[in-house]
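Here is a short report for a reader meeting this structure for the first time. It starts where the chains meet, then moves to selected parts of one chain.

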Amino acid sequence: MHIVETDVLVVGGAGAAVTAAVEAQESGRSVALVTKGRVGRSGNTIMVGGSFGIDGESAREYCGEPEANLDYTRERLFRKLVTSAFQIGNQGMERHFVDDAPPAVARLLGWVKEAGQKFKFMSKASRWRVSGRPFGNALRHGLKSHEAIEVYEDTMMVDVLTSGGAACGAFGFDVYTGEIVLFRAKSVVLATGGFQPFSLQNSISDMTGDGVGMALRAGASAVDMEFLLFIGTILEPQYARGSILPYLLSIPAMFGPRPKMTDLDGRELSFPTEGRYKVGPADTKVNKLLMSYFYGKGIWKNWDTHGNAFYYDYSAYSDQEILDAFAKFADSQKTWHRKGKYHRIDLQRLGRDIIADKKRLKVGFGNEYSMGGVLVDANFATGVPGLFAAGEVTGGLFGAFRSGDGLTEMLAQGCTAGKSAAAYAAGAELRDPEDYAAKLAELEAPFGRANGASPADLLARLYAHCDRGFNFYRSGELIAEAYAGVRALRAEFGNISLASSSRRYNLEWMQSVMLRNLLLCAELGLHAAGERKESRGTHLRADHPEVNNRDFLFSYVGSLQNGEPAYRTQAPAEPLLPLDRNVYPNVAECIASTILEHD
Amino acid sequence: MKVRIQKSEGLVSYELPNFPTEVTVMEVLDYIYAHLDHSLAYYRHSACGQGICMRCSLKLNGKNVLACAETVPGDADLLLEPRGGEVVRDLVVAS
C-alpha cells in the first residue's frame with residue numbers, strides 16, 4: 001500500500017480539478033491531484049468541439065479582447081443562466097459564476113498562450129472557439145507550471161474517507177498494478193465530472209458519476225439528477241459512432257447544406273428554426289434543447305420499434321455539394337485537427353459513405369452533460385466538513401438546462417473550491433479515517449466470490465434500462481420500469497464476482513467501482529424523473545409536456561440514509577430575480593417566452 | 001471473424017460473428033470482452049474512442065495502431081499483440 005499525506009486532495013483530471021489544485025497550492029497549501037485517467041486527456045473536456053465564453057465587458061477587461069460585444073453584459077449573462085436553468089438553478093451560484101468566471105478564464109488563456117495553443121475569439125458571441133486537445137494541453141501546462149503539486153494519474157479513487165463525520169482523505173488503486181493508494185488529507189475536492197448511463201457514448205468512456213457516488217456515501221446530497229443534456233451523435237457508420245459531428249453539422253455557419261431530419265421510416269421531423277424559436281448569437285446552444293424537443297417528438301412515436309435513432313437526410317444536395325461542404329468544414333477545423341479530419345474521422349470518407357447510404361447519416365441523441373450532481377453552497381462546500389466539489393460533478397448552477405458555459409463553469413468553480421478547500425485545510429489537522437477498513441473490504445470483496453454476475457454484464461443491463469426509460473424523451477411508464485430495473489441491479493451488485501483474480505489492469509474490477517457510482521446516480525435521477533410529473537429543461541415527458549411552475553418549481557435532492565436513497569424537495573433559495581409562476585404548454589414555448597431574446 | 005490475441009498466458013483464439021460493416025479494433029475488443037472473455041486486459045479506462053487521447057495503441061498484424069481509430073473489415077482475421085514496452089497484462093503496456 002502506498003500512503004500519501006497532503007493538505008488538500010483534488011480528485012479529477014480536467015478543468016475543475018486543475019484549477020482547484022492550482023488555486024489551493026497558490027494559497028500556500030500542499031496539494032495532491034489524483035485522476036483515474038491522465039490530466040487533460042480524460043474527462044468530458046477533451047471531447048470539446050465548441051466554445052466557451054464570458055460577458056463582453058469582462059472579455060475586454062480581463063482577457064484583452066478589444067472587440068468583445070459589450071451588449072452581452074454581465075446582467076444578460078446572469079439572466080440567461082437563470083432562465084436557461086428553468087428557474088431551479090441556484091441564483092446565488094449563478095451570480096457568483098458571472099463574477100468568478102472572468103479571472104478564471106483569463107488564467108486559462110494565459111496557459112493557452114504559454115503552451116502555444118490556439119483558441120479563436122468570436123467577438124459577437126463573446127466566446128472562444130476551441131477543441132478538446134488544445135484545451136487539455138493548456139491544462140497540462142498550467143498544472144506542470146505548479147511543480148509543487150503532486151500528481152497521481154491512472155489511479156482510480158474508490159471512496160472519500162471520514163473521521164467524526166468530516167472528510168479526512170480518500171483511497172483508491174493504481175489501475176496498472178492494483179496497488180492500494182491511501183491519501184490522508186485535511187480537505188478533499190471532488191472534480192470528477194458527470195455521469196452518462198447510456199450505451200451511446202459521445203464522451204470519454206468512463207463518465208460514471210464517481211464524485212457523486214463518493215460524496216453520497218460520505219454523507220453529502222445530490223440535486224437535479226433527472227436533468228441530462230443530449231446532442232446529436234453519430235450512430236453509423238460504425239467508425240464514426242459516438243462523434244458529436246451532427247451537432248456541428250447543424251450549425252449553418254459551420255456546414256452549409258441543411259439536412260432534412262427524418263425518422264427511420266423517412267417521415268420528416270420538423271423543427272421551426274425561424275420566428276419564435278430563432279436563436280441569437282449568444283443563445284445558439286439553446287438549439288440543443290430545441291432539437292431534442294422538436295425532433296424527439298417524432299422519434300418518440302416509434303420509440304418501441306426504432307428507439308433513439310433518426311436520419312440527417314442530405315438528398316436535396318448533389319454528391320459534389322456534399323463532398324465540397326465536408327471539404328470546407330475540414331478546412332475550418334484545420335487549426336485543431338489533422339488535414340481532412342475531425343478527430344479520427346476522415347471527412348471525405350464520411351461524405352462518401354453518407355452519399356452511399358441514400359445521402360443519409362444515422363444519428364441518435366447522445367448524453368453530453370449532466371446538470372445535476374453534488375449539492376454545494378456558494379463556497380462549493382458539500383455539507384460534509386472538509387469535502388468540496390467543483391465542475392460538472394456539482395449540481396445547482398445550471399438547474400434544468402445548461403445552454404453553454406460548461407467549460408467556464410469548471411474553471412470558475414475549480415478556483416473557488418480550491419480556495420475554500422485551502423482555507424479549510426489551514427485550520428484542520430490530519431486525522432485517521434474510521435471507515436477505511438470497511439470500505440477497503442467492500443472494494444476487495446468481489447475477488448473472494450465466485451459465480452456472481454460480472455460488472456460488465458450489469459453495466460450493459462444498466463445501459464439498456466436507461467436507454468429505454470431515462471433518455472432524452474420519457475414517460476411515467478418507462479421511467480418506472482427503468483427505475484425498478486436499476487434498483488434490482490443495485491441489489492444484484494452486492495454479489496458480483498470477477499473472471500480474473502489479477503489486480504493488474506483488471507477491467508472488471510475497475511468497472512465494479514464505476515458501476516456502483518453509476519447505479520446510484522441513475523437510481524436518484526430516475527426517482528426524480530418519475531416524481532417530476534411535468535417537463536422542465538432537458539426533462540422532456542411525453543405524458544406531461546407542460547412546464548408547471550405552479551406545482552414543480554423546486555429541485556429533488558437525494559442522499560443516503562443507512563445506505564439507501566432518501567429524498568426531499570428544495571425550493572429556489574432567496575432568488576435575486578423574481579420567480580415566474582406561469583404554466584407553459586411545453587418546453588419549446590417556455591424557451592421562446594423566457595430564454596430567447598426576440599428582436 | 002477470427003481474432004488471435006497475445007495474452008499474458010499465451011496466444012488465445014476467439015471466433016466472432018462477422019460484423020456487417022467495417023469496425024474499429026476497439027469495437028472488436030469490446031465485443032470479445034463483453035461476450036467471450038471478461039478477463040481480457042486492453043486499454044479501456046478513460047478512453048476517448050476518438051483518436052484524441054492516443055492511449056489505446058497496440059499491434060495489429062505486426063503494425064502499431066490506435067485501437068479506437070483503426071478500422072478493419074467486418075470479416076477480417078486479426079492478430080493483436082501488445083506494443084513495445086513493459087507489458088502490464090495482456091494487451092496493456094505501461095505508459
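Two residues are in contact when heavy atoms lie within 4.5 Å. On that basis, the contact takes 36 residues from chain A and 35 residues from chain B. Keep in mind that this is a predicted model. It scores ipTM 0.97 and pTM 0.97. Chain B averages a pLDDT of 94, and 100% of its residues score at least 70.

## Where the chains meet

Chain A and chain B bury about 2800 Å² between them. Of that area, 53% is on carbon and sulfur atoms. On the chain A side, Q238(A), R344(A) and Y505(A) lose the most area to chain B. Together they account for 24% of what that side buries.

Polar links also cross the interface. There are 23 residue pairs in polar contact between chain A and chain B, both residues of a pair being at pLDDT 80 or more. Helices α14 (455–469) and α16 (507–531) of chain A each supply at least two residues of the side that touches chain B. Helix α16(A) gives the most to that side, with four residues. The residues on the chain A side divide into eleven nonpolar, 13 polar and twelve charged.

Two salt bridges are counted between chain A and chain B. One of them joins R55(B) to D154(A), with the closest N and O atoms 2.9 Å apart.

## Salt bridges inside chain A

Over all chains, the count comes to 46 salt bridges. Side chains of opposite charge can pair when their charged atoms come close.

| Pair | Closest N to O distance |
|---|---|
| D405(A) and R127(A) | 3.9 Å |
| R468(A) and E481(A) | 3.7 Å |

R74(A) lies in helix α3 (residues 74–84), and D55(A) lies in the loop between β3 (51–53) and α2 (56–63), so the pair ties together parts that are 19 residues apart in sequence. R74(A) is partly exposed, at 24% relative accessibility. D55(A) is buried, at 0%.

Next come D405(A) and R127(A), also joined by a salt bridge. D405(A) sits in the loop between β19 (394–395) and α12 (406–426) of chain A, while R127(A) is in strand β5 (residues 127–129), so the pair ties together parts that are 278 residues apart in sequence. D405(A) is buried, with a relative accessible area of 2%. R127(A) is buried at 5%.

R468(A) lies in helix α14 of chain A and E481(A) in helix α15 (residues 476–493), so the pair ties together parts that are 13 residues apart in sequence. R468(A) is partly exposed at 34%. E481(A) is partly exposed at 40%.

Salt bridges can also join into a network, as they do for D159(A), R217(A), E442(A) and R516(A).

Eight of the nine residues of helix α6 (residues 210–218) of chain A are buried, so the helix is largely enclosed by the rest of the structure. Among the buried residues are D210(A), V212(A), M214(A) and L216(A). Just after α6(A), G219(A) takes a positive phi of about 115°.

Helix α17 (residues 587–594) of chain A has six of its eight residues buried, so it too is largely enclosed by the rest of the structure. The buried residues are V587(A), A588(A), E589(A), C590(A), I591(A) and A592(A). They pack against α8 (286–301), β20 and β23 (583–584) of chain A. N586(A) caps the N-terminal end of α17(A). A side-chain oxygen of N586(A) lies 3.1 Å from the backbone nitrogen of A588(A).

## A loop residue and its partners

D543(A) is in the loop between α16 and β20 (547–548) of chain A. Is D543(A) buried, exposed or partly exposed? With a relative accessible area of 36%, D543(A) is partly exposed. Leaving aside neighbours within four places in sequence, D543(A) is in contact with R474(A), S475(A) and G476(A). The D543(A) side chain reaches the backbone nitrogen of G476(A) at 2.8 Å. A polar contact of 2.9 Å joins the side chains of D543(A) and R541(A).

Technical notes: Residues numbered from 1 in each chain as written. Chains lettered and ligands numbered in written order. Heavy atoms only, no water. pLDDT = per-residue confidence, 0-100. Buried < 20%, exposed > 50% of the residue type's maximum accessible area, 1.4 Å probe, protein only. Buried area = accessible area lost by both parts, 1.4 Å probe. Salt bridge = Lys/Arg side-chain N within 4 Å of Asp/Glu carboxyl O. Polar contact = N/O pair within 3.5 Å; in protein donor to acceptor, adjacent residues only side chain to side chain. Nonpolar A, V, L, I, M, F, W, Y, C, P; charged D, E, K, R; others polar.
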